[in-house]
Protein chains: 2
Amino acid sequence: MSSNPLGEFQLIQKISSQFSPAPGTTGIGDDCAVIPQKTGLDSLISTDMLIDGTHFLIEHVDPYQLGWKSAAVNISDIAAMGGKAVASFLSFALPKSLPEGWVERFINGYKDISDLFTCPLLGGDTTRSIDRLCISVTVLGQAASGKAKLRSSAQVGDLICTSGCIGDSAAGLDCILNKAESTPLTETLIKRHYLPMPRIQEGLALAQIDGVHAMMDISDGIGSDLRHILKASRKGAVIDCCKLPISDEVKQYCEQTGKNPLEFALSGGEDYELLFTISPEAEKSLEIKHFVIGEINSEEGIQWLGADKDYLGFRHF
Amino acid sequence: MSSNPLGEFQLIQKISSQFSPAPGTTGIGDDCAVIPQKTGLDSLISTDMLIDGTHFLIEHVDPYQLGWKSAAVNISDIAAMGGKAVASFLSFALPKSLPEGWVERFINGYKDISDLFTCPLLGGDTTRSIDRLCISVTVLGQAASGKAKLRSSAQVGDLICTSGCIGDSAAGLDCILNKAESTPLTETLIKRHYLPMPRIQEGLALAQIDGVHAMMDISDGIGSDLRHILKASRKGAVIDCCKLPISDEVKQYCEQTGKNPLEFALSGGEDYELLFTISPEAEKSLEIKHFVIGEINSEEGIQWLGADKDYLGFRHF
């Protein structure tokens, strides 16, 4: 039985009926989406590609979760600049072998997170693939003019902070790879891996604070991601591993399995918490939840206090 | 030998060094691109996905031409709304088996058309694929506020026009598929298939004319594309096939091969000429090169005068 009895136009119609653009905006169904621009804003654009065999295994992945995550990682990039997500664009190359209802469940997950961040799907492309599923998502966002937080603005003396705990997603992946017994604990960690939550509200609040200098989201692991800030800002850093925020769930999982929480916190990625640098004065009055984990200096590279190796994070190639 | 000895970051660096964003714009290298918005403009966003086996065959396609075409089809969507292309975003999933220098040649083609339309590459994603190459391009454009030409605005009595000849790309594809002998004529047609030229200048000029109502680009073939306008506008049309603009090259190729020029003009796609409807008064003073091929009416469907079947154009599914 064909898994996608719908033709291209019917599929587009089915998807578009679930997403209604704001008044004045033209969404799915024309050559382009048309979005009115507001004065005093900058456009932010982020795009990511996910392909079967590299980012997920089609026979194992849950389509709802993949739909959620496909949108989440790009919305998180908008959060990382201190912006608001405005609209998204979804392209996929669909193999004929997809199970019945797969695309619908994918769209459900995509829609749930899009609704949560008021970020409607306004366009995209659907096409056939011989075999491999490929997904590309582009998210358009907005930030107050000149206020987007770049990676290149870290200053010597800045405190390095995260917006939340790190390592949960990596511990969740560990549960999956090791086929850990299903318990409330492992289910919580697995959910953090599959259904990450972009920090849009936190990013918007941080963007309004002049003392917040560099910012990005933690996608590849703090070791790898912090290096991007340091390279772009031409600075160094010292990280106090004792201060890394590790959730009770990760600690508990490590107690049960004899694993090292630091490994998850340092090498794992995909937490999508914000990583930012802030002047000590601004940090004193910062009311947004955060954890100070280190300091920017003028040296080269990262000095890890309380860890025994140099953590690199995930490399794509 | 590995074809892509470069790691992800080196590849990004190599690509980004070729594209310099305008002052005040943040391009490749941060979580998002940041583009200042100008007042009185609407944002246009178009995206397309191309995958090996469906849109091209990796062992046959010329990477320079594929790079050109990947950007061209999206720039053409911006032209179809009457906009100007502002920036592009390129994602690809690269198999290890790509020949040495393949990505560089792809980028050369992509860059040449980007330069031609002052549309710099400002971001994207590079990732590994197990086997199949997948490419996704998103182009951001701008149109004067409320002036973008939609598919839904055709009015009864409008003349239907194209901005240029149709069928050249289909004749070029015919040369390729039939391994036609290489002559100046076949080379010209093949070039029109592989290196289409978006009609940005024409689209911008047409967007300024209030009497131009509906507009799109001819990508799937005039039969299929005109139907989009008619469906969105809830109108019908009559097309006079004797008036379809057919190039001397297509006529000559058909004389040599015994093929029917109308087949190429009606069923073939990928000419990327503009298809628009315009009031007869506005058409009288229209100084932009164009060909009147029919008229919008209040009937249903398309009546083809001088053709013996109902041409559908290319269906993706």
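A: Happy to. The sheet is open and built from five strands, in the order β1(A)-β2(B)-β5(B)-β3(B)-β4(B), with mixed pairing. Strands here are DSSP runs of E with at least two residues, helices are H or I runs of at least four, and both are numbered from the N terminus. Two strands count as paired if DSSP finds at least two bridges between them. At the edges sit β1 (33-36) of chain A and β4 (121-129) of chain B, each pairing on one side only. Neighbouring strands are turned by 15° against each other on average, direction ignored; the axes behind that angle are lines fitted to C-alpha atoms.

A quick word on the source: this is a predicted model, where local features need pLDDT of at least 70, side-chain atom pairs count only at pLDDT 80 or more, and totals for chains, interfaces and linings use all residues. Residues are numbered from 1 along each chain as its sequence is written, while chains are lettered from A and ligands numbered from 1 in the order in which they are written.

Back in the sheet, β3 (residues 84-95) and β5 (residues 134-144) of chain B run antiparallel and are joined by nine bridges. Along them, B:Ala93 stands opposite B:Cys134 in β5(B).

As for chain A, which supplies the edge strand β1, it has 10 helices and 11 strands. Its C-alpha trace spans about 60 × 55 × 35 Å along the principal axes. Of its 317 residues, 53% count as buried, meaning 20 or more other C-beta atoms, placed from the backbone, lie within 10 Å of the residue's own.

How values were computed. A residue is buried if 20 or more other C-beta atoms lie within 10 Å of its own, exposed if 12 or fewer, and partly exposed in between; C-beta atoms are placed from the backbone. Axes are lines fitted to C-alpha atoms, for helices over the stretch in contact, and angles run from 0 to 180 degrees between N-to-C directions.
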